[in-house]
Amino acid sequence: MFWLDWIIVFIPLLVVIWIGAKTQRYCTSVADFLTASRCAGRYVVSVASGEAGTGLISIVAVLEVYYRCGFSYSFWNQVTLPISLVFALTGFCIYRYRQTKAMTYGQYLEMRYNRPFRIFAAIIQALSGVLNYAIFPAVGGRFFIYFLDLPHHFEFLGITWSTFGVVMASFLLIALTIVMIGGQVTIMVTDCVQGLLSYPLYLIIVGYFIFNFSWFGEIAPTMVNRVEHQSFFNPFDMSEMRDFNIFYVMVGVCSMFINRLGMGGAIGYSASAKNAHEQKMGALLGTWRGGFGSMMYVLIAICGITYLNHFDFAPKAKETRTYIANKVAEEVMADAKFDAARANLKKEFAAIPELTKEKFESTPLSQKKNLETPYYDAVRENTKDIEGAGGVPQRYSTIYRQMLLPVAIRDLLPIGITGIFCAIMIFLLVSTDTTYMHSWGTVLMQDIFMLFCKKKFTPKQHLWLLRGFITLVCLFAFLFSFYFSQMDYILMFFQITGAIWLGGGGAVCMFGLYTRWGTAAGAFACLGGGAFVAVSGFLIQNVWGSHIYPFLARMGWVEGFGSFLETVSKPFHPYIVWEMNPTKCPINSQEFLFLSMLTSVSLYVIVSLITYRKPFNLDRMLHRGKYALDGQQQELPAFSWKKIYKVLIGITPEYTKGDKILAWSVFGWSFVYTFCILFLGAVIWNCIPGCAWGKEGWSNYFLISHLIVPATVAVVSTVWFGICGTRDLIQLFKDLGNKKDNHLDNGQVEGNVSLADKAALEAIDAAENKDADK
């Protein structure tokens, strides 16, 4: 990058850190550190949580998947829209969780079940969450090494340093500093500021790509140049896609319902809003929040794919491939025993011919045979006879495909815009690091360590202990990222590590909020069963190539076990295909997630019904009815068939006129336009004999639905969220300045109620019992 790019990178970053430092004086209690004292308005919650929830690793992950599978599988994601719309409009799980006033999932689970289950759940959640987060620094560090063309090692003070380790440590220290300053207060403010600064930057990048690529001359011909049944655009022609296909979407539908509360990686945001209604509206605003951000990631993906696979860019694309091929080889084959192989690979990489117009027009690409295949084959051939190099080809292909599009984007961007893109990526990296470190450090302290300590901590001691556990999470993430070799797609790694918690944790949380018959025994069985399946899957996948397959080969069981797997999966072909593979586990992470969810839900229902004795008092936990301590009631509209639309759209007496407009706009956009017109309309039309669209038709559909219409909406949402987000941010500082600390509000639970509410709730119950005795 040039000096102008570095200025563009550092000035916004310094502004964010300076604003974050100013928030320290507002963090004076545990409630401040964990939930910003529940003072946030809907726009701060929406903008800040959106920034934290995106993350650099998410961008790299989706670019990785788009390059391999295109966009056709995402078309079927729209089948979830009616369900997700009802969830968003009604505040399913989110509203009730905020009503509990819990600061962590663990606190809520103790209120709903018991303390032993809180500890057990926290251990599972922390294991899942910390493992899930622990590759974030690795992906972020590697991204900047490749994007900025940094060497893998450098000399300083006579010592050879790992650039990978130094870059990871630098960004982790920035994030850790932000968290230490003021916990959730600082995190939410800095995330919101980063989100607001990013909106105009997205506009610049989107504008550059739109004006420098021809849709009909370059993008469309490249995207449709695929073999049959592996289309990048046509959702009816993707039956041979592996990993990311219709089954992947269907499991996502199930997970969306069961795991509505999610991993808990942004647990601070789940309880930061002023009240349950603001929390619900903040989530609802997420429909419009994405703006240019969501569009930008799709646009840079298709432009990157076009650059790498269209003959117009062939000479420069060949340089990009040669660069990344050699750089990855330097990283994964750094040992001296690979010196000869690296030297030979350098020659072979240079000899691979660039794409020609004739080859482009005559040879469509596929998942198994594409322009990256010669590079993977060369590495496999040059390392097959080297002792201890069994995992090198898979690790090489993993890093290569993760870094390919980021490097291509770097080579496409001019001076100035390169700095803008880099600044956005730093924002996304830091915002996610701060949020996840805070969340998992909080779980370790609040839901495990604190419950084993008989000593009552002062607020100051409590805050420093929280900072200490957050530091431990930061250190673990650094060490794990530095030494662990990720072998699968990032999204698949998310699925298998997330499944350790989501396999059963989502069901436990959901059933706990909506049933009176769920029991602690059912919760233990549910979470334990789901975690067992997920952990087993994680271990099997990571030792498959090094231990399990070699063991099967030694025992002569490869053919028999492979036949068994094919027989079991055959009824579900082509969406589930379990074929024996010497390097990769036949069962992917999404399939393990599905098995864990199926196991956990079954166990929860069966065991709870067997052990059920008396109904649980949901009203007390949710602060409803006579237990509404703050005087805020959720008034549900009287049911009638004439007004059922209000129930489905979630409109209650709490809604202002503006809230109703927002709810109807979300309904119109998500259900009427996106689901009915874009999805159902396309499905019905293409099912009519003789009316099915060809490559050109689906190309035009994608242009309109993913770029033109979203760009129009993004212009409005950028101005809208910029103004309202700034207004809510100013109000947040005023509310934090006027708050009154309650040091009992620290996450502790006694008698299935929060310690902060214990006296008031017991007084209500005592008064009722006294009246009943008269």
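This is a predicted model: local features need pLDDT of at least 70, side-chain atom pairs count only at pLDDT 80 or more; totals for chains, interfaces and linings use all residues.
View 1. The C-alpha atom of A52 is separated by 8.5 Å from that of V430, although the two residues are 378 residues apart along the chain.

**View 2. The largest nonpolar core and F144 as one of its members.** The largest nonpolar core comprises 244 residues, of which F71, F144, F209, I302, Y396, F421 and W501 touch the most other members. Helix 11, spanning residues 163-212, gives the most to this core, with 23 residues. When residues up to four places away in sequence are not counted, F144 is in contact with L56, D149, L150, V167, F171, C422, M425, I426 and L429. Another core, of 5 residues, lies apart from the largest one and has L355, F360, L365 and L371 among its members.

**View 3. The crossing of helix 22 and helix 23.** The axes of helix 22 (residues 417-452) and helix 23 (residues 459-483) come within 8 Å and cross at roughly 120°, which makes helix 22 oblique to helix 23. The crossing in which helix 22 passes helix 23 is right-handed. On the side of helix 22 the contact is formed by M437, H438, W440, G441, T442, L444, M445, Q446, F449 and M450, and these meet H462, L465, L466, F469, I470, V473 and C474 in helix 23. Sorted by class, the residues in this contact of helix 22 with helix 23 are 12 nonpolar and 5 polar, with no charged residues.

**View 4. The crossing of helix 8 and helix 9.** Helix 8 (residues 105-112) and helix 9 (residues 115-133) have axes that come within 8 Å and cross at roughly 150°. Because this angle is over 145 degrees, helix 8 is roughly antiparallel to helix 9. Helix 8 passes helix 9 in a right-handed crossing. Here Y105, G106, Q107, L109 and E110 in helix 8 meet R115, F117, R118, A121 and Q125 in helix 9, and the contact of helix 8 with helix 9 has, by class, 4 nonpolar, 3 polar and 3 charged residues.

**View 5. R38, a loop residue with positive phi.** R38 lies in the loop that runs between helix 2 (30-35) and helix 3 (42-54). The phi of R38 is near 50°, a positive value in a residue other than glycine. With a relative accessible area of 14%, R38 is buried.

**View 6. H623, a loop residue with positive phi.** The loop between helix 29 (618-621) and helix 30 (644-649) contains H623, which is not a glycine but has a positive phi of about 55°. H623 counts as buried, at 7% relative accessibility.

Notes
Residues are numbered from 1 along each chain as its sequence is written. Side-chain values use heavy atoms; hydrogens and water are left out. Axes are lines fitted to C-alpha atoms, for helices over the stretch in contact, and angles run from 0 to 180 degrees between N-to-C directions. Helices (H or I, at least four residues) and strands (E, at least two) are DSSP runs, numbered from the N terminus. Angles under 35 degrees count as roughly parallel, over 145 as roughly antiparallel, 65 to 115 as roughly perpendicular and the rest as oblique. A crossing is left-handed if the near helix is turned anticlockwise from the far one by less than a right angle, and right-handed if clockwise. Contact means heavy atoms within 4.5 Å. Ala, Val, Leu, Ile, Met, Phe, Trp, Tyr, Cys and Pro count as nonpolar, Asp, Glu, Lys and Arg as charged, and the others, Gly among them, as polar. A nonpolar core is a set of buried Ala, Val, Leu, Ile, Met, Phe, Trp, Tyr and Cys residues joined through side-chain atoms within 4.5 Å. Buried means under 20% relative accessible area, exposed over 50%, partly exposed in between (1.4 Å probe, protein chains only).
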